[in-house]
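Please look through the model shown here before reading on. The paragraphs below lead from the contact between the chains to single residues.

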Amino acid sequence: MDVLEIARWQFGITTVYHFLMVPLTIGLGLTVAVMQTVWHRTGNEQWLRMTKFWGKLFLINFIMGVATGIVQEFQFGMAWSEYSRYVGDVFGAPLAMEALLAFFVESTFLGLWIFGWKKLPRRIHLATIWCASLAAILSAYFILVANSWMQHPVGTELINGRAVMTDAWAVFTNNTALVTFPHTIFGAFAVAGGFLLGISWFHLYRRRKEGIDTVDANGRVVVGEDLSKGRVRDRTDHKVWLTSLRIGALIATISFFGVALSGHEQAKLMFEQQPMKMAAAEAACHDGTGFSVLTLGNVGTQGATTCDDVVAVFELPGLLSFLANGDFETPVKGVNTLIPEYQEKYGSHYPDDPAFGQYAGEEISYLPVMEVTYWGFRLMITLGGLSAVAAALALWVTRKGTVPQSKWLSRLVLLGIAAPFGANSAGWIFTEMGRQPFTVAPNPQMGGVDQVFMYTAASVSPTVSAGEMLFSLITLTLVYGVLLVVELVLLTRYIRGGTGSAMPELLEPEQTSGKDPSDDDGDVLAFAY
Amino acid sequence: MEWLPTLWFILIAVLWTGYLFLEGFDLGIGMQIGLGRAGEKRKRVLLNTIGPVWDGNEVWLLTAGGATFAAFPYWYASLFSALYIPLTLVLVALIFRAVAIEYRGKAQNATTRGLWDLALGWGSLIAAFGVGTMLALTTLGLPLNENGDRVGGPFAWFTWHAVLGGVAVVAFSWIHSVAFLRLKTEGPIRERAGQQFVRWMPWCVLPLMLWSAVVVLADTSLAAWTLLALALVAAFFAWFSARAGHEGRSFIALGIMLVGAVAAIFVAAFPVVIPSTINSAFDLTVYNASSSPYTLKLMSIVAAFGVPLVLAYQSWSYWVFRKRISEKHIPEDHLVTSVVK
């Protein structure tokens, strides 16, 4: 592998990994804020337990997102210095704003939230989780502005060989960003919804299996108690899981519509802005109107400029045109039409310039790796759709107040937690790989070679060696692998511990009941590491 | 608009100073927990002095990085790519450190907790050393060619400057955390910190003063010399007031020492952001490394609004958690056990 390939693998691995933590943080954060608000308003202990339990899982996950996020801020300069020089004037701004305006708020206020129980006045304490979770969403906006600019550069001119911002409003209201933002946020809530649903299902299932909750002959749910370990599995506990399950299923279902609608808008834009990406997503070699359900054959002709071997096995006529244009007739350009257009506009060979390293003077492959774009696109839709259907079914199945006593179903639901994560990853891999061979895709409304765009081949740090890149790729991958195991072990332990894992006072009710801990200020901390 | 790059140079110097001041004691505490021999309860006291604030402090590093990217893309690109290996280690160190802070208390047995302690200690040490190395090299020089790219291989940056900067930040962070503990704890920890501070402080600020002096010596500006002198006076004051038992005063004086020494470094380095050790014609300066006036103006507006806000709510957070803590404030370990059969 050459430097460029190693650098790309590293960026892909670190970013996909980081984005496992991010959607859960975004989706779960606001959900926890809402739960705490309900508790604040009603004083109902059920909602306090929900806040504490989901808040605990939120924090276990949050820290991993923080830790892996630092890598993101640094690696543009480290591995992609030519890219950083070219785009810094535009791309650096949203990144710096993210740190200054969003991440600072998120980190500081989460610290206040974690340690502020019983220390801050209740209303203020509630406000801290709202600040932190809204800041996470603001954070996503800034990062997506930066990413959308790479997909569709606007508000920029090419001056002295680099992209220079001329219109900040255009950059921050880039239509690509405005559709990607809701798509990503709804995607994040789909993740959180599935997470809530899967874990709550697990607890309801175990309560039933262990005979705590039963279903009588009339099909009515009889809620019971098992107080052998404090109040962890009392009647309120049942409500905790049932309500969480319903909230999760509802969030997942609603999010799906949000994801689908925003995704449709995004796809329409993408057909205009990056037609090659969408043609590759369809493995559509020739112009047409049909959406491919299954395309076989020589799908992955990486590096080739022709894809005549591709055979569309089954197509839904007209659907592709609907995705692209909103009608069923206008044909959508295929790869074979687009390649000559790109070649004419941006050249058929890389410039013979040392900045392109070993790729200088080579032929440009405008076709992204079609196996990845085609299957990535479909995986995203399939996993997203399946989770939504499953969530809606779960709502129906649990309408009477518990889950079916089925072992395989409960395992399937737990496994299903992974589906929205997978959909998120697949979507990002599709859109980033589909942008190749560019890091900054050319804006088709702006003309040819004299415009702002950048090839991936020219983006990498020129004098960083393959050995250095390999060192960091291996190190980071190993570290991330170990930490993934650690996070999963911890999450599993806290999930199996139920609400008692986040509320020790539930485990020994005699000692704490009747005593308001806020009276002994200066005694033991309400929370300590 | 000539002054915009200068303004941003100042702002980035402020961000780095803020980072060293705030995360300095976090890193020092991490080293004390992970590499010291304190008992478990005492370790938890140390950790909880920074518990609510460490994450906010670390954002200063991200903001310094992000602001450099936005305001001086060429500085950001050259510095970060030149120091590829050390920064990779810093990243790994920061990852382990962050996760260790959050997960150490969730360990179910002493072995696991010991591993997290090691991660926290070495993570803090390596991160402090690496940041020091990076800041020393950006002020004292890297082998950059005309494109701003490092030449001479993965370790071409390695000079005694790199070691000096690393040692300077490690030593400062440690003594800064000792001063911090005097303010945040009570009982034996506070007393011991008092003794340690008086004993070690002069040695711990020496490398930082030396680094500052090396940069200032190459420059003749009066301002830099004045700042260095201020740092020296503050250092003396910190030591004498510590000996007299004035904890707050000595902490503030140590902070002023840091500000003076780092400001002297940046003032002396100005307008060069990375000197090229190959040819001074290849130096990166605030003028040839900066973003366009338009972007700098936009970022200035954002910073004028954002920085005071950050300072306000971070100060508030320190105010909320202003109470001293000691072993009696630390709750018992909470072991999580499965409730499902």
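What follows is a walk through the interface, the helix packing and some local backbone features.

This is a predicted model, in which local features need pLDDT of at least 70 and side-chain atom pairs count only at pLDDT 80 or more, while totals for chains, interfaces and linings use all residues. Residues are numbered from 1 along each chain as its sequence is written, and chains are lettered from A and ligands numbered from 1 in the order in which they are written.

We begin where the chains meet. In chain B, 70 residues are in contact with 72 residues of chain A, two residues being in contact if their C-beta atoms, placed from the backbone, lie within 7 Å. On the side of chain B that touches chain A, at least two residues each are supplied by α2 (40-50), α3 (54-71), α4 (73-82), α5 (84-103) and α11 (293-320) of chain B; helices (H or I, at least four residues) and strands (E, at least two) are DSSP runs, numbered from the N terminus. The largest share of this side, 13 residues, comes from α5(B). By kind, the residues of the side of chain B that touches chain A divide into 41 nonpolar, 21 polar and eight charged, where Ala, Val, Leu, Ile, Met, Phe, Trp, Tyr, Cys and Pro count as nonpolar, Asp, Glu, Lys and Arg as charged, and the others, Gly among them, as polar.

Within chain B, the axes of helix α6 (residues 110-140) and helix α7 (residues 160-184) come within 7 Å and cross at roughly 130 degrees; axes are lines fitted to C-alpha atoms, for helices over the stretch in contact, and angles run from 0 to 180 degrees between N-to-C directions. The two helices α6(B) and α7(B) are therefore oblique to each other, given that angles under 35 degrees count as roughly parallel, over 145 as roughly antiparallel, 65 to 115 as roughly perpendicular and the rest as oblique. The crossing of α6(B) and α7(B) is right-handed, a crossing being left-handed if the near helix is turned anticlockwise from the far one by less than a right angle, and right-handed if clockwise. Among the residues that meet here are B:Phe129, B:Gly132 and B:Ala136 in α6(B), and B:Gly165, B:Gly166 and B:Val169 in α7(B). The residues of this contact divide into 13 nonpolar, six polar and no charged.

Helix α8 (residues 275-282) of chain A is mostly covered, with eight of its eight residues buried, A:Lys277 and A:Glu282 among them; a residue is buried if 20 or more other C-beta atoms lie within 10 Å of its own, exposed if 12 or fewer, and partly exposed in between, with C-beta atoms placed from the backbone. A:Ala502, in the loop between α14 (466-496) and α15 (504-507) of chain A, is buried, with 21 other C-beta atoms within 10 Å. The C-alpha atoms of A:Ala502 and A:Lys52 are separated by 5.7 Å, although these residues are 450 residues apart along the chain.

Some backbone details remain. Most residues other than glycine have a negative phi, and most peptide bonds are trans. Just after α8(A), however, A:Ala283 takes a positive phi of about 50 degrees. Strands β1 (residues 156-159) and β2 (residues 162-165) of chain A run antiparallel and are joined by four bridges, and two strands pair if DSSP finds at least two bridges between them. In the hairpin of β1(A) and β2(A), which has two residues between the strands, A:Asn160 takes a positive phi near 50 degrees, and A:Asn160 is exposed, with 6 other C-beta atoms within 10 Å. A cis peptide bond joins A:Gln436 and A:Pro437, with omega about 5 degrees, and another joins B:Phe270 and B:Pro271, with omega about 0 degrees.
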